Amino acid sequence: MSVGVCAYSFNTGYDAFQLMDMAVRHGLGGVEFPPDDCLPDLSPASLERARARAEESGLFVVADGGQVEGEMLQRLIPAAAGLGASTLRVVMSGVLGGDRRPLSGRWNAHLAACRDILREALPRAEEHGVTIAVENHSDATSHDMRWLCEELDSAYIGITLDVGNVLAVCEEPFGYTERILPYLRHVHLKDYTIHPSDEGYRIARCSLGSGVVDYPGLLSLIDGYQGQRGPADQPGQITKTIELGAIYARHVRMLMDDYWAEYPDRDIRDLLPFLRLYWSHVRPVGEDWRTPMEKDESTEVLKAYETREFEESVAYLNEIGAVRADSGTS
C-alpha cells in the first residue's frame, strides 16, 4: 500500500515541490496539496512542471479545492487533470466540531445546494477524467455522505474519508467507513485524542497511532475492499495521505441540547459504538490538550512540533506495514 503526505499536515507552509521532496525522503508514495496555495500559478507551464516532478519521483497527486462552489470546480477540475491528479478533494461547509448551529434550519437545504452544484460540475469532471471526492470535513455524517453520492450516482463523485473527523459527529471510524465504502476514493490518515469538557469533548491532533484510531484494523478493512474493486492502477483507486489536521482542537458540544437541532433523530443504540470508543480512550480531566499554536508559542516551536508528529506518523505506518515495502524514513 502506498501512502502520501498532505499539505494540511503543516501550518508552517510547504510548496508542492517541497512536499514532493519530503515524500521522497520518507519513502512515501504521493502528495496532496491545494494548487492555488502550493504552486506559483495555475498556468499550463506550472502545472506541467509539477506533474513532471511527480512522475519523475513516482508520486501520485491529489488536488485540494475548497468549499463546494461552481467557479472553483470549473477552474480546479482542469488544473487537477493538468497535475496528473485523478482526484479533486472538496468540502461541503465550514462547520467545525459537528456544530451545525450556524446553519440552523438550513442544513438539509445546504446539502441539497451542494448536490446541485456538484451535478452541474459533473460533465467537466468526466471530460477531464477527474473524480470530485467530497470530504467529511468535521460536518457530515456517514448518512449525509451516502445520500449525496446516491443522489448524484456518478463514477465522478466519491468520498474523501477523513478518519479523525468522524469523531466530530459522534460516529466511530469502523462503522462510518463501512457505510461509505462503495463511494470511497481518498483517505486522510488522521488520529485524535479525546478530552472531556462540560459541554461534550475536545478532539486534539496527535501523531498516527497515539490516538483512538485502530489503524491496522481500519486499513485492513479499506484495503480488503479495494482488493475487490481491482488493481490500484485502475479506476476506483483509493489513495491515502497523512493529514494530521487542525492546529486547534475541535470542541464537540454534544451535551448541549441545541447541538442536535440540525441532526435527525438517532436511536441511542446507533451511538453505542462511538460511546464505547469514547469511554475506552477518553483522557483524564485536566490533561493538557493544547498545541504550540494554542499555547501561543513561536513559529520555530510549532514547526518542530509538526515535523516530529509527521515523522512519528511515518514511523508508525512503517511499523504496521502500511507504507510501501521499499520505503523508509531518512
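Ile203 stands opposite Arg250 in S11. The model is predicted, with local features needing pLDDT of at least 70 and side-chain atom pairs counting only at pLDDT 80 or more, while totals for chains, interfaces and linings use all residues. Residues are numbered from 1 along each chain as its sequence is written, and side-chain values use heavy atoms, with hydrogens and water left out.

**Exercise 1.** Describe the open sheet to which S11 belongs.

Solution. 
- Step 1. Helices (H or I, at least four residues) and strands (E, at least two) are DSSP runs, numbered from the N terminus. Two strands pair if DSSP finds at least two bridges between them.
- Step 2. Strand S9 (residues 201-206) pairs with S11 over three bridges, in the antiparallel sense.
- Step 3. The open sheet has three strands in the order S8-S9-S11, and the pairing is antiparallel.
- Step 4. Strand S8 (191-196) and strand S11 (250-252) are at the edges; each has a single partner strand, so one side of each is left without a neighbour in the sheet.
- Step 5. Ignoring direction, neighbouring strands of this sheet are turned by 30° against each other on average. Axes are lines fitted to C-alpha atoms, for helices over the stretch in contact, and angles run from 0 to 180 degrees between N-to-C directions.

**Exercise 2.** Give the strand order of the barrel, and name the strands that H1 touches.

Solution. 
- Step 1. Eight strands close into a barrel in the order S1-S2-S3-S4-S5-S6-S7-S10, with parallel pairing.
- Step 2. Its neighbouring strands are turned by 25° against each other on average, direction ignored.
- Step 3. Strand S5 (residues 131-135) and strand S6 (residues 157-162) run parallel and are joined by four bridges. Val134 has Ile159 in S6 as its bridge partner.
- Step 4. H1 packs on the sheet and touches strand S1 (4-6) and strand S2 (30-33), where contact means heavy atoms within 4.5 Å. The direction of H1 makes about 150° with that of S2.
- Step 5. Helix H10 (residues 299-319) lies across S1, strand S7 (184-189) and strand S10 (239-242), at about 135° to S10.

**Exercise 3.** Classify the packing of H3 with H1 and with H4.

Solution. 
- Step 1. Two packed helices are described by the angle between their axes and the distance between the axes.
- Step 2. Angles under 35 degrees count as roughly parallel, over 145 as roughly antiparallel, 65 to 115 as roughly perpendicular and the rest as oblique.
- Step 3. Helix H1 (residues 16-25) and helix H3 (residues 44-57) pack at about 5°, with axes 11 Å apart. H1 is therefore roughly parallel to H3.
- Step 4. From H1, Phe17, Met20, Asp21 and Val24 meet Arg49, Ala50, Arg53, Ala54 and Ser57 of H3. This contact of H1 with H3 has five nonpolar, one polar and three charged residues. Ala, Val, Leu, Ile, Met, Phe, Trp, Tyr, Cys and Pro count as nonpolar, Asp, Glu, Lys and Arg as charged, and the others, Gly among them, as polar.
- Step 5. H3 and helix H4 (residues 70-83) pack at about 40°, with axes 7 Å apart. H3 is therefore oblique to H4.
- Step 6. Leu47, Ala50 and Arg51 of H3 make the contact with Ala79, Ala81, Gly82 and Leu83 of H4.
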